[in-house]
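Here are a few notes to read with the model open beside you. Take the points in order and find each residue as you go.

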Amino acid sequence: MNALASAPARTGSRRPRAALSPRRVIPVVLGAALLIWVLLPLVPVALWSVAGEWRAPAVLPESWSVQALTSLATPEVLQAGLRSAALGLGVAITGTALGALAAFGLRQLPRTPARILGFILLTPLAIPPFALVMGANVLLLTARVPTFAAVLIVLTVTALPYTTYMFHVALASYDWRFEEVARTLGASPTRVLLSVRMALLAPAIARAGFLAFLVGWSDYITTVLIGGGQLRTLPMLLGSAASTTGGEQLTAALSLAMIAPPVILLILLARSGRHRRSPQ
């Protein structure tokens, strides 16, 4: 009798299944559609990179070859990749540091000057890249700035609005009481900066650095106009291959080489953020 009486109670204690309401289904459908929208154009690129011969109206390549992928190991491509990586890292370091300083500086100013200076910092987004580069090129040539440094300076200016905005948003919810507590406990200014401020702003630093890296890694216009063809980076090789008739395989292989580092970096940042949020 007791068992029979307790059976309905155990049945009633089971967790009910979540109903498939539009509120749950629509975000999943939109997320899947967005993922397909992003990944679907990469399918032909991946197929072209290993295609030996592929003519219309064939759906798939008629023959396969890894010649285009092996060409990525040539000294010219490797050197171009190193230059692109150096530009990306240089812009990430300088752009992130200057963006942080700009955001902290804006916070210290009164409202009206802060708005004016913030508007000035965002102007590179409103100016067409070609006009910005041509204007800066005259100044840099007059000052006889070396090519790599000149490209790095202009790209840092281009990345500065993104990094400043990232830190501006992060500082809006920053709790300064953590720094006050650390000072009260006897922490030095350096210790407060490294252990408190940079730790709390680590997500903003990662996002700003990633955006700045993308600006330097994928740039084409600035490198072409200021570099004058002397600074050969991966985007320049990609543009050259894309303008060549019959170079679809090499173009696809270079495209994959351009895509892979930012995707790997994004995955590492996402895993780092997930590990930081997980309970110890």
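The points below cover some aromatic rings, a surface patch and the record's annotations.

1. First, some ground rules. This is a predicted model, where local features need pLDDT of at least 70 and side-chain atom pairs count only at pLDDT 80 or more, while totals for chains, interfaces and linings use all residues. Residues are numbered from 1 along each chain as its sequence is written, and side-chain values use heavy atoms, with hydrogens and water left out.

2. Let's start with the rings. Searching the whole structure turns up four aromatic pairs. Rings of Phe, Tyr and Trp (its six-membered ring) pair if their centres lie within 6.5 Å; planes under 30 degrees apart are stacked, over 60 edge-to-face, and the rest tilted. One of the pairs is Phe-104 with Trp-176: the centres are 6.1 Å apart and the planes sit at 80°, so this pair is edge-to-face.

3. Why does that pair tie together parts that are 72 residues apart in sequence? Because Phe-104 lies in helix α5 (residues 75-108), while Trp-176 is in the loop between α8 (147-172) and α9 (177-184). Helices here are DSSP runs (H or I, at least four residues), numbered from the N terminus.

4. Trp-176 also pairs edge-to-face with Tyr-174, at 4.8 Å centre to centre and 80° between the planes. Buried or partly exposed? Phe-104 is buried at 16% relative accessibility, and Tyr-174 is buried at 9%, but Trp-176 is partly exposed at 24%. (Buried means under 20% relative accessible area, exposed over 50%, partly exposed in between, with a 1.4 Å probe and protein chains only.)

5. Now look at the surface. Leu-34, Leu-35, Trp-37, Val-38, Leu-39 and Leu-42 make up a nonpolar patch with about 640 Å² of accessible area together. Areas come from the Shrake-Rupley method with a 1.4 Å probe. Helix α2 (residues 22-39) gives the largest share, five residues. Leu-42 sits in helix α3 (residues 42-49) and is partly exposed at 31%.

6. Finally, the unreviewed UniProt entry lists "transmembrane region" at several spans, including residues 25-51 and 85-104; such annotations may be inferred rather than shown by experiment. Residues 85-104 are 100% helix, with end C-alpha atoms 28 Å apart.

Methods
Helices (H or I, at least four residues) and strands (E, at least two) are DSSP runs, numbered from the N terminus. Patches are made of residues with over 30% relative accessible area and no salt bridge: like charges are joined within 9 Å, nonpolar side chains (Val, Leu, Ile, Met, Phe, Trp, Tyr) within 5 Å. A salt bridge is a side-chain nitrogen of Lys or Arg within 4 Å of a carboxyl oxygen of Asp or Glu.
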